[in-house]
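Please keep the sequence and the structure in view while reading.

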Amino acid sequence: IYNEVLDLSKKGFTRQQIIDFIKNKYKIQLSYTTVRLWILGKQHPLGWPRRRYERLTVINRFRSKEELRQKMMQLYYKQKLSMTKIAEIFGVYPSIIRQIFIELGIPRRPVGYAISIARSRGKYRQFDPETDAELIVELNALLHTDFWKRRDHRKVVVTTCTTHLGMVTLLHKIAEKHNLPLPKCSPKYCPNGVGLHPSLRNRPEYQWRIYLTIDESFWPMLENDAVEYMRKLARTDKELLFLYFTRFVECDGSVTISTRHKRRVVTSSIEFVSKKPQILVCISNLLETVFGLPTSRHLPNENETCGYVYLWMSNPGVVDFLEKMDFLHLERLWRKELILKYLHLPTTPKIIKEVDDVRRAIKLMTEVTYQLAKERYLLPRGKRSLESKDLIKMALQRFIEQHIERYPDDGYIIDQLKDLLKKLRIPSP
């Protein structure tokens with residue numbers, strides 16, 4: 001019948017004449033649309049039997065319907081592939097996959113949910129256990145200190161509030177190193193700490209809330225129990241535990257330098273800070289057993305909400321420990337370079353002046369970050385947020401201008417800052 005329709009069309013028969021001819025000869029009523037599509041070559045009468053065969057080729061690849069169902073559930077719900085993508089994998093039409101879903105009783109996604117997945121596809125890469133081991137350690141270190149997490153429409157947002165530019169550089173470099181979208185920075189106004197995380201109360205009113213958005217496949221890898229996580233790292237990988245401690249110090253610790261020791265030499269220490277005594281005890285024990293470093297600790301009490309674990313630089317092993325720490329936090333890196341430069345040297349007026357100048361510069365950098373948060377908050381909604389690289393560039397430019405204006409004789413501080421930016425591979429303004 002199909003071939004005869006094509007022959008009649010070539011002989012000049014109209015479509016209605018073809019329909020009447022087929023009806024009289026074969027007692028079959030063809031529709032006007034079917035004849036038109038056959039003549040135009042857009043439909044073949046063997047299409048449905050061929051698709052039925054394709055459906056069997058998909059089903060016959062699996063030993064049972066339950067195995068087929070599990071595979072479809074994995075592709076559709078876990079990997080969030082569309083029916084069109086699944087059809088491409090099996091080399092069939094999307095209608096075949098749709099029919100199989102109906103037979104297996106697999107519910108389809110709501111239209112709005114499917115559209116949202118399609119729009120976000122490609123923006124956030126999924127978790128890869130082979131390449132993301134260090135990233136998971138770094139994210140857990142952030143979440144066990146000043147950061148917190150939340151789920152937001154198939155995404156995970158890691159966020160904190162800060163006025164320290166070093167926290168912005170830290171999150172920026174982590175995202176850059178692991179091929180993640182750059183963090184977003186939004187000014188936040190929190191009078192008297194209202195709306196802030198409990199650990200961030202009694203902070204400046206204007207702050208920057210920084211967001212790192214990742215795919216929801218990372219969520220199961222983000223641990224809530226810091227103590228158990230550190231013990232697991234100690235059993236499995238010493239290098240990852242060292243990386244965890246490095247990020248812990250950057251977020252919720254410090255490296256201190258003192259020029260007022262009674263022996264008149266430059267002294268220093270590494271500090272781990274936390275409000276949870278069990279975390280401090282675990283850190284102290286692991287530093288002593290895994291790395292062989294002597295520690296001293298001061299746990300929280302009724303008068304002090306925070307406790308400390310100290311590593312004193314009088315021990316050569318602690319100095320080596322600090323040298324290996326790959327800081328991405330700008331202020332921590334600045335102090336580290338200063339410590340390694342003058343540690344155990346006799347204090348002189350020149351050294352004391354340089355240490356005080358660096359402290360003053362770090363304080364000015366925090367003031368500049370606060371000023372930018374206050375200025376951006378006054379802008380209309382939708383124009384306040386920045387990418388981390390833009391905020392870093394603006395803050396550094398403002399810092400250099402104000403430092404030159406206030407302290408014109410301390411040009412070496414700007415030179416030191418540019419050297420640090422070169423180490424972090426951050427463009428110098």
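Is Y244 buried or exposed? Y244 is buried, with a relative accessible area of 0%, where buried means under 20% relative accessible area, exposed means over 50% and partly exposed lies in between, computed with a 1.4 Å probe on protein chains only.

## Basis of the report

This is a predicted model, in which local features need pLDDT of at least 70 and side-chain atom pairs count only at pLDDT 80 or more, while totals for chains, interfaces and linings use all residues. Residues are numbered from 1 along each chain as its sequence is written, and side-chain values use heavy atoms, with hydrogens and water left out.

## Aromatic pairs

A search of the whole structure finds 19 aromatic pairs; rings of Phe, Tyr and Trp (its six-membered ring) pair if their centres lie within 6.5 Å, and planes under 30 degrees apart count as stacked, over 60 as edge-to-face and the rest as tilted. One of these pairs is formed by Y229 and Y244, which is tilted, with 5.8 Å from centre to centre and 50° between the planes. Because Y229 lies in helix α11 (residues 226-236) and Y244 in helix α12, this pair ties together parts that are 15 residues apart in sequence; helices (H or I, at least four residues) and strands (E, at least two) are DSSP runs, numbered from the N terminus. Like Y244, which has a relative accessible area of 0%, Y229 is buried, its own value being 5%.

The rings of F245 and F272 have their centres 5.6 Å apart and their planes at 75°, so this pair is edge-to-face. It links distant parts of the chain, with F245 in helix α12 and F272 in strand β6 (residues 267-274), 27 residues apart. F245 counts as buried at 0% relative accessibility, and F272 is buried as well, with a relative accessible area of 0%. Both of these pairs belong to one aromatic cluster, which is formed by Y229, F242, Y244, F245, F248, F272, F291 and F321.

## Salt bridges

The count comes to 21 salt bridges, where a salt bridge is a side-chain nitrogen of Lys or Arg within 4 Å of a carboxyl oxygen of Asp or Glu. Helix α12 also holds one of them: E250 forms a salt bridge with R247, the closest N and O atoms being 2.5 Å apart, and the two residues, 3 residues apart in this helix (residues 238-252), are separated by about one helical turn. E250 is buried, with a relative accessible area of 0%, and R247 likewise counts as buried at 0% relative accessibility.

D410 forms a salt bridge with R360, with 2.5 Å between the closest N and O atoms. D410 lies in the loop between α17 (388-406) and α18 (411-424), whereas R360 lies in helix α16 (residues 349-377), so the pair ties together parts that are 50 residues apart in sequence. D410 counts as buried at 7% relative accessibility, whereas R360 is partly exposed, with a relative accessible area of 29%. Elsewhere, salt bridges that share partners join E138, K177, R247 and E250 into one network.

A further salt bridge is formed by E223 and K232, whose closest N and O atoms are 3.4 Å apart. E223 is partly exposed, with a relative accessible area of 28%, and K232 is also partly exposed, at 34%.

## Charges over rings

R360 has a further contact, lying over the face of Y407 at 3.8 Å from the ring centre; a charge sits over a ring if NZ of Lys or CZ of Arg is within 6 Å of the ring centre and within 35 degrees of the ring normal. The charged end of R384 sits over the ring of Y377, 4.5 Å from its centre.

## Cysteines

How many disulfides are counted? The count comes to 0 disulfides, a disulfide being a pair of cysteine sulfur atoms within 2.5 Å. The sulfur of C282 is 17 Å from the closest cysteine sulfur, in C251, which is too far for a bond. C282 counts as buried at 5% relative accessibility, and C161 counts as buried at 2%.
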